[in-house]
Amino acid sequence: MNELCPSCGFKFEIEPGYFYAAMYVSYALSVGETIIAGMLTFWLSGKSESPLLYLGVIFGLVLVLSPFNYRYSRVILLHKLTPRIKYNPDLDKE
């Protein structure tokens, strides 16, 4: 992730350790993904009761989606959960 915005020079890490809170957002994303994956696996496998099937699907999905969770948990933290950061469209014009 960039340290500074290339357009306006905004420093993304507002304070030391700011992005530690993104771990909670990433956890919430992972929980939602595992619940959806478990329900879809149950439905698509014909109501299978094999724990190895569910573990394989869920761990594989979490591993594949970890880069997505890493990036978008920070984006959600910056844009949705930090009230003092506002988008200024005037800085986006070149």
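Lys47 lies in the loop that runs between α1 and α2 (51-79). In this predicted model, the residue has a positive phi of about 65°, although it is not a glycine. Lys47 also counts as exposed because its relative accessible area is 60%, above the 50% cut-off.

Stepping back to the whole fold, the protein chain holds two helices and zero strands. Its radius of gyration is 18 Å, whereas a compact globule of 94 residues would come out near 12 Å. Along the principal axes, the C-alpha atoms fill a box of roughly 55 × 30 × 20 Å. Of the 94 residues, 21% count as buried. Among contacts with a separation of 6 or more, 59% join residues 24 or more positions apart.

Ser30 counts as buried because its relative accessibility is 18%, under the 20% limit. The side chain of this serine makes a polar contact with the side chain of Asn69, at 3.2 Å.

Attention now turns to the nonpolar residues. In soluble globular proteins, nonpolar side chains tend to be buried together. Here, the largest nonpolar core has eight residues, namely Cys5, Phe12, Tyr18, Phe19, Ala22, Leu77, Leu78 and Ile85. Leaving aside residues up to four places away in sequence, Leu77 touches Tyr18, Phe19, Ala21, Ala22 and Thr82.

Key. Residues numbered from 1 in each chain as written. Predicted model: local features only at pLDDT ≥ 70, side-chain atom pairs only at ≥ 80, totals over all residues. Heavy atoms only, no water. Core = buried A, V, L, I, M, F, W, Y, C linked by side-chain atoms within 4.5 Å. Buried < 20%, exposed > 50% of the residue type's maximum accessible area, 1.4 Å probe, protein only. Contact = heavy atoms within 4.5 Å. Polar contact = N/O pair within 3.5 Å; in protein donor to acceptor, adjacent residues only side chain to side chain. Helix = DSSP H or I, 4+ residues; strand = E, 2+ residues; numbered from the N terminus. Rg over C-alpha atoms; globule rule 2.2 N^0.38 Å.
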